[in-house]
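Hello,

Here is the structure I promised to pass on to you. Please open it beside this email and follow along as you read.

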Amino acid sequence: MRPPVWMKLVLLIVLATVMQAMFAHRLQFRGVQPDFNKVVLIGIAVNTSVHVATAYGFLAGWLMGTVVGMSVGSYLVSRMVLGASLGLLELRVFRHNPIVLVFSALTGSMLCEAVFYLFSPQPNAPRWAYQALGESVYNLIFILPVAGWIRRMVPPTPRLNYTS
Amino acid sequence: MYNLWRDNRVRLIMLLALAALILGIQHNRAIQRGATNPFAEAVMAILAPVQSALRSVASGLSDFGYGVLHGRRLREENRHLRQQLEAMRAAEIAQEELRQENERLRRLLQFAQSKKIRPLAARVLGVQPSAYFHTLIIGCGQADGARPRMVAVTDEGLVGLVYAVTRHTAHVLLITDPNASVGARIQRAESRAVGVCRGRGDDYLLLTFLGKDADVRHGDVVVTSGLGGVYPAGIPIGTVEEVMDQRQSGMREARVKPFVNVMQVEEVLLTQAEGQTS
């Protein structure tokens, strides 16, 4: 019996969060490190709908907040906003185009960091901006393969109809 | 007309937002009280074994790769020499601190008592999961005796402060985090200048609140002052690399290189200052 898709995605987020805590710092380049938790969330969000992506954003934020051990609320909100914003694109653009995917990942990631900063202001704003931008760009290295891999797992979602 | 509130998807999002609010508030309250958080407890109970298993696998692979590249003999020799060097440096700093304490005939008894504190050893499970917060996750929790405000050290020096504890894990705020500050002192007998060592968010620390004429030089060893009652006195922090005069405040500041490379810490000892209650 094959495990359901949601279980695979939950496991993927858990694994990404654990890897984030263990290996991300080893990939540091000029003080910037990737965020595997966010990469997987983006991969899920661009392949699902707004409410599903928000729910996975909630899980990703909760896990990340717990692993960091502080600013849990900020992680929850910022990840949910990331999931919801990329999930909403389902109604606006064809997200499977690699250029659209990269562009949405970059803007979504920046939006996520901005929301995080709003809820959890950092003492050194220029450094935050550098790290947020650097991390968002660093994440792009992993986005295409991860999003492509998740697309194979997730069945295409039916288009929502908000006009009826 | 489309009714937003009757849409199950919108309801789900609202429910999640409410849950996020409750979890955030609950976590903040738990941190403020220094208590464990049952939600964090549940998550860490799932994550910690996965982390532990992954670390064992990664450690094995790393050892294998190192062995292939450098050879067993070279590795053993290197490790032996490194251990010797670390032990000698730690002993030298500890001896210098002891000598000065003996000279001043103060705090001798207290120091001896501090040696009776039985520190807790903990394995590092995770390092700096977020770029914004310099933290460690260690495999030692409330059940093992870990408590908030315990101090994490290695044989090289100060690592950080425990700020959150679950049953089997704890979170340590590293001294390099911008939110971390430690009462510090120049170890040199002619100086003994007191200041506050703060994290900068990179690999260095900033020794601030030094007097205008504080005697601080390149190469000075910085140790914890013990002022404030959180960190025990005399724990090595780092060495002064650069001294700067602030024109605006008229104060002197110093850039300090920590002894401990927090990115490579594998085990830490937890201890606490005298008079601190668990």
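A word on ground rules before the details. This is a predicted model, in which local features need pLDDT of at least 70 and side-chain atom pairs count only at pLDDT 80 or more, while totals for chains, interfaces and linings use all residues. Residues are numbered from 1 along each chain as its sequence is written, chains are lettered from A and ligands numbered from 1 in the order in which they are written, and side-chain values use heavy atoms, with hydrogens and water left out.

**Where the chains meet**

In the interface, 44 residues of chain A are in contact with 44 residues of chain B (contact means heavy atoms within 4.5 Å). Together the two chains bury about 3,800 Å², and 71% of that is on carbon and sulfur atoms. Buried area here is the accessible area, taken with a 1.4 Å probe, that two parts lose on being put together, summed over both.

How many salt bridges cross the interface of chain A and chain B? The rule finds 0, a salt bridge being a side-chain nitrogen of Lys or Arg within 4 Å of a carboxyl oxygen of Asp or Glu.

On the chain A side, at least two residues each come from helix 1 (5-23), helix 3 (50-68), helix 4 (72-88), helix 5 (98-119) and helix 6 (125-153). Helix 3 of chain A gives the most, with 11 residues. Helices (H or I, at least four residues) and strands (E, at least two) are DSSP runs, numbered from the N terminus. Sorted by class, this side of chain A has 26 nonpolar, 14 polar and 4 charged residues. For that sorting, Ala, Val, Leu, Ile, Met, Phe, Trp, Tyr, Cys and Pro count as nonpolar, Asp, Glu, Lys and Arg as charged, and the others, Gly among them, as polar.

**One residue to look up: A:Gln33**

You will find A:Gln33 in the loop between helix 1 and helix 2 (36-45) of chain A. Is A:Gln33 buried or exposed? Its relative accessibility is 1%, so A:Gln33 counts as buried (buried means under 20% relative accessible area, exposed over 50%, partly exposed in between, with a 1.4 Å probe and protein chains only). The side chain of A:Gln33 makes a polar contact of 3.2 Å with that of A:Gln28. Leaving aside residues up to four places away in sequence, A:Gln33 touches residues of both chains, including A:Tyr138, A:Glu135, B:Gln128 and B:Pro129.

**Strands in chain B**

Chain B has 4 helices and 12 strands, and 42% of its 278 residues are buried. Strand 4 (residues 158-165) of chain B is largely enclosed by the rest of the structure, because 8 of its 8 residues are buried.

Strand 4 of chain B pairs in the antiparallel sense with strand 3 (residues 151-153) over 3 bridges and with strand 5 (residues 170-174) over 5 bridges. Two strands pair if DSSP finds at least two bridges between them. B:Ala152 stands opposite B:Gly160, and B:Val165 has B:Ala170 as its bridge partner. Strands 3 and 4 of chain B form a hairpin with 4 residues between them, and B:Gly157 in the turn has a positive phi of about 155 degrees. Strands 4 and 5 of chain B also form a hairpin, with 4 residues between them.

**Salt bridges**

Over all chains there are 13 salt bridges. In one of them, the closest N and O atoms of B:Glu156 and B:Arg89 are 3.5 Å apart. This pair links the loop between strand 3 and strand 4 of chain B to helix 3 (residues 72-104) of chain B, 67 residues apart.

In another, B:Asp220 and B:Arg188 come to 2.7 Å, and both residues are buried. These two also belong to a network of salt bridges with B:Glu190, B:Asp215 and B:Arg217.

Enjoy exploring!

Terms used. Polar contact = N/O pair within 3.5 Å; in protein donor to acceptor, adjacent residues only side chain to side chain.
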